[in-house]
Amino acid sequence: MKVRDLYPLVTTPNLAETRDFYVTHFGFDVAFEASWFIYLVGPAEEDSRGATLAFMHPDHPSTPPGPESFDGKGMILTIEVSDAAAVFERLSAGDAPIVHPLTDEDWGQRRFMTRDPAGVLVDIVEQIEPKAGFWDQYMTE
């Protein structure tokens, strides 16, 4: 099997607010929009493929299981960037809710977290050098 795309589809009554959050704060483009479905495409750096996200209103006309709205638990959307501090400053100045401050983690990430209007926790990460020996305790043989 060859995959053309892979994206989360989050059910939320806050379609417009969620669309605007990703367009405003992360530069996503709206690739497709209907009254009950939005498909977003995120910009790519030179050596990456970017990202796609989709959001669906709970009153959608399709009939798969799971039309209930996302409750904000059990999901983290990670967005890897080249400069987490710059994104942190931009989102902080743009009034995005910061739910975890910019932090250098021992495992090798500089990160912070925000939450989108659909309730999804968004983890913005930059890969940095891990603390010496950190991963040794977790390696399997």
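Ser-92 counts as partly exposed because its relative accessibility is 29%, with buried meaning under 20%, exposed over 50% and partly exposed in between (1.4 Å probe, protein chains only). This is a predicted model, where local features need pLDDT of at least 70, side-chain atom pairs count only at pLDDT 80 or more, and totals for chains, interfaces and linings use all residues. Numbering runs from 1 along each chain as its sequence is written, and side-chain values use heavy atoms, leaving out hydrogens and water.

**Around Ser-92**
- Ser-92 sits in helix α2; helices (H or I, at least four residues) and strands (E, at least two) are DSSP runs, numbered from the N terminus.
- Thr-114 is 22 residues away from Ser-92 along the chain, and their C-alpha atoms are 9.6 Å apart.

**The nonpolar core**
- A nonpolar core is a set of buried Ala, Val, Leu, Ile, Met, Phe, Trp, Tyr and Cys residues joined through side-chain atoms within 4.5 Å.
- The largest one has 23 residues, and Tyr-22, Phe-26, Phe-55, Val-87, Val-122 and Ile-124 touch the most other members.
- At least two residues of this core come from each of α1 (15-26), β3 (37-42), β4 (51-56), β5 (76-80), α2 (84-93) and β8 (121-127).
- Beyond its neighbours within four places in sequence, Phe-26 has contacts that include Ile-79, Val-87, Leu-91, Thr-114 and Val-122, contact being heavy atoms within 4.5 Å.
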